[in-house]
Protein chains: 2
Amino acid sequence: MSLEQDILAGNNRLAERNRGWLAGRNIVAFNLVSSPGSGKTTVLERTLRDMGGEIPISVVEGDQETEFDAERIRATGCRTVQINTGTGCHLEAGMLAQALTELDPPVDSLLMIENVGNLVCPAMFDLGEHTKVAILSVTEGADKPLKYPHMFRASSLMVLNKIDLLPHVDFDVDACIAHARRVNPDVEVLRLSARTGEGMDLWYDWLRRRMDSRWLAEPASYGERAGA
Amino acid sequence: MSLEQDILAGNNRLAERNRGWLAGRNIVAFNLVSSPGSGKTTVLERTLRDMGGEIPISVVEGDQETEFDAERIRATGCRTVQINTGTGCHLEAGMLAQALTELDPPVDSLLMIENVGNLVCPAMFDLGEHTKVAILSVTEGADKPLKYPHMFRASSLMVLNKIDLLPHVDFDVDACIAHARRVNPDVEVLRLSARTGEGMDLWYDWLRRRMDSRWLAEPASYGERAGA
């Protein structure tokens with residue numbers, strides 16, 4: 001469909017511009033994507049409280065309506081801008097460009113973009129981030145990577161959240177990881193509970209490795225070099 | 001945006017045609033919408049097992065990929081057709097029209113349409129159903145009706161699912177219902193657990209009332225007449 005291609009091509013140009021803007025400030029940016037209610041904001045809140053003193057972190061919040069998430073993030077003392085998409089189902093690169101101007105994030109910092117809760121549409125839209133991080137809560141079912149493969153293919157990390165609820169739900173962790181690797185053989189996986197804090201140290205280590213300057217300089221080849 | 005309006009206008013014409021097709025067969029159709037993993041398929045599985053002998057029920061399943069849900073539904077002995085949307089984020093009326101031809105649902109029956117798991121995009125697309133039913137699981141957070149108001153405005157019933165998990169999550173049921181009524185003052189609410197079966201009888205009663213022939217004849221005025 002040529003119209004869809006036009007929209008994506010326009011978005012991708014602006015995303016490339018964002019990537020340059022972020023590289024110019026030596027900022028690592030992650031695009032957090034998930035279903036509504038998977039715990040993106042709770043992961044961010046705890047990350048800001050635990051790591052905000054170590055790395056400067058700014059946040060861009062995306063939702064159809066309300067400032068709820070920005071208020072929760074601001075309560076941690078973090079710089080944040082809320083984008084409301086109205087009937088829109090995803091963030092686009094142009095929205096991020098505007099938010100970056102308003103946010104003015106510092107050099108050598110980390111930028112977290114919390115996308116609209118939607119496991120479908122944000123997969124198609126590059127914002128200029130280093131990578132997407134897909135958050136899946138264990139209450140959602142282990143079949144999701146196969147049913148929504150585009151998102152799990154577009155993400156280099158899958159965070160399995162709400163593992164404190166594992167005793168109360170039917171969720172096969174190994175099957176879920178196998179499903180994710182079937183659509184994306186290189187996907188990394190972390191298991192944690194943003195509510196109890198279990199496993200958050202693995203996420204912080206993951207973020208620290210990505211603040212490594214070599215990765216900043218050459219994001220595309222990091223995996224290769226890290227493995228060397 | 002005139003293009004968006006064109007797409008919606010085209011969809012709405014086909015939806016009206018579906019509505020006529022369904023009315024011609026005296027079929028009541030519900031469009032089940034929710035985030036991924038809210039339990040739409042589990043609600044359907046239990047409904048088919050408990051009510052399939054009482055009312056003929058057919059199912060149309062929507063997902064980006066896989067036949068998983070259709071296989072689960074078929075295992076109950078129900079007629080079903082799976083639609084895969086690929087990169088698409090919602091069902092459209094034209095897809096339902098095709099599925100109806102293939103499914104060939106009997107007269108005087110109930111049709112359940114399980115939309116793609118997405119709390120955003122399916123809100124915009126009428127399929128010709130009698131009404132949308134929004135399913136929200138208590139693991140997703142009580143703020144969702146305000147953050148995704150279009151879906152809760154488009155639905156005449158909100159089903160709060162997974163209430164068996166209430167002791168293990170921070171979810172304020174009253175606040176959630178108040179949020180839903182703020183965006184849709186007339187929304188009905190049912191609380192249930194498709195996993196344990198608690199509250200399913202209320203859902204079955206709700207379905208039975210909607211199979212009432214007066215409602216079939218004049219869906220728009222049912223609320224008024226039922227209250228008279």
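In this predicted model, B:Arg208 and B:Glu54 form a salt bridge whose closest N and O atoms are 2.5 Å apart. The pair links distant parts of the chain, since B:Arg208 belongs to helix α8 of chain B while B:Glu54 sits in the loop between α2 (40-51) and β2 (57-63) of that chain, 154 residues apart. B:Arg208 counts as partly exposed because its relative accessibility is 34%. B:Glu54 also counts as partly exposed, at 44%.

Another salt bridge in chain B pairs B:Glu16 with B:Arg19, with 3.2 Å between the closest N and O atoms. Here both residues lie in helix α1 (residues 2-24) of chain B, three residues apart, which is about one turn of the helix. B:Glu16 has a relative accessible area of 47% and is therefore partly exposed. For B:Arg19 the value is 27%, so B:Arg19 is partly exposed as well.

Over all chains, the structure holds 32 salt bridges. One of them connects B:Arg195 to A:Asp170, with the closest N and O atoms 3.2 Å apart. B:Arg195 lies in the loop between β7 (188-191) and α8 (200-210) of chain B, and A:Asp170 in the loop between β6 and α7 of chain A, so this pair joins two chains. B:Arg195 is partly exposed, at 40% relative accessibility, whereas A:Asp170 is exposed, at 64%.

How many salt bridges are there between chain A and chain B? The count is six. One of these is formed by the side chains of B:Lys147 and A:Asp63, at 3.9 Å from N to O. There are also 16 residue pairs in polar contact between chain A and chain B, counting pairs with both residues at pLDDT 80 or more. On the side of chain A that touches chain B, the elements giving two or more residues are α3 (68-74), α5 (144-147) and α6 (149-154) of chain A. The largest share, three residues, comes from α5(A). By type, the residues of this side divide into 14 nonpolar, 12 polar and 10 charged.

The contact as a whole takes 36 residues from chain A and 36 residues from chain B. Together the chains bury about 3200 Å² between them, and 59% of this is on carbon and sulfur atoms. A:Pro36, A:Lys147 and A:His168 supply 19% of the area that chain A buries against chain B, more than any other three residues.

Inside chain A, A:Glu114 lies in strand β4 (residues 110-114). A:Glu114 is buried yet has no salt bridge, and the nearest side chain of opposite charge, that of A:Lys40, is 4.2 Å away. The side chain of A:Glu114 does make a polar contact with the side chain of A:Thr41, at 2.9 Å.

The backbone of chain A also deserves a look. Most residues other than glycine have a negative phi. A:Asp108, however, has a positive phi, near 55°. A:Asp108 lies in the loop between α4 (93-103) and β4 of chain A and is partly exposed, at 45% relative accessibility. A:Lys162 likewise has a positive phi, of about 65°. A:Lys162 lies in the loop between β6 (155-161) and α7 (173-183) of chain A. At 12% relative accessibility, A:Lys162 counts as buried, because the cut-off for buried is under 20%.

A:Val28, in strand β1 (residues 28-34) of chain A, is buried at 0% relative accessibility. The C-alpha atoms of A:Val28 and A:Leu207 are separated by 9.4 Å, although these residues are 179 residues apart along the chain.

Technical notes: Residues numbered from 1 in each chain as written. Chains lettered and ligands numbered in written order. Predicted model: local features only at pLDDT ≥ 70, side-chain atom pairs only at ≥ 80, totals over all residues. Heavy atoms only, no water. Contact = heavy atoms within 4.5 Å. Buried area = accessible area lost by both parts, 1.4 Å probe. Salt bridge = Lys/Arg side-chain N within 4 Å of Asp/Glu carboxyl O. Polar contact = N/O pair within 3.5 Å; in protein donor to acceptor, adjacent residues only side chain to side chain. Helix = DSSP H or I, 4+ residues; strand = E, 2+ residues; numbered from the N terminus. Nonpolar A, V, L, I, M, F, W, Y, C, P; charged D, E, K, R; others polar. Buried < 20%, exposed > 50% of the residue type's maximum accessible area, 1.4 Å probe, protein only. Lys, Arg positive; Asp, Glu negative; His and termini not counted.
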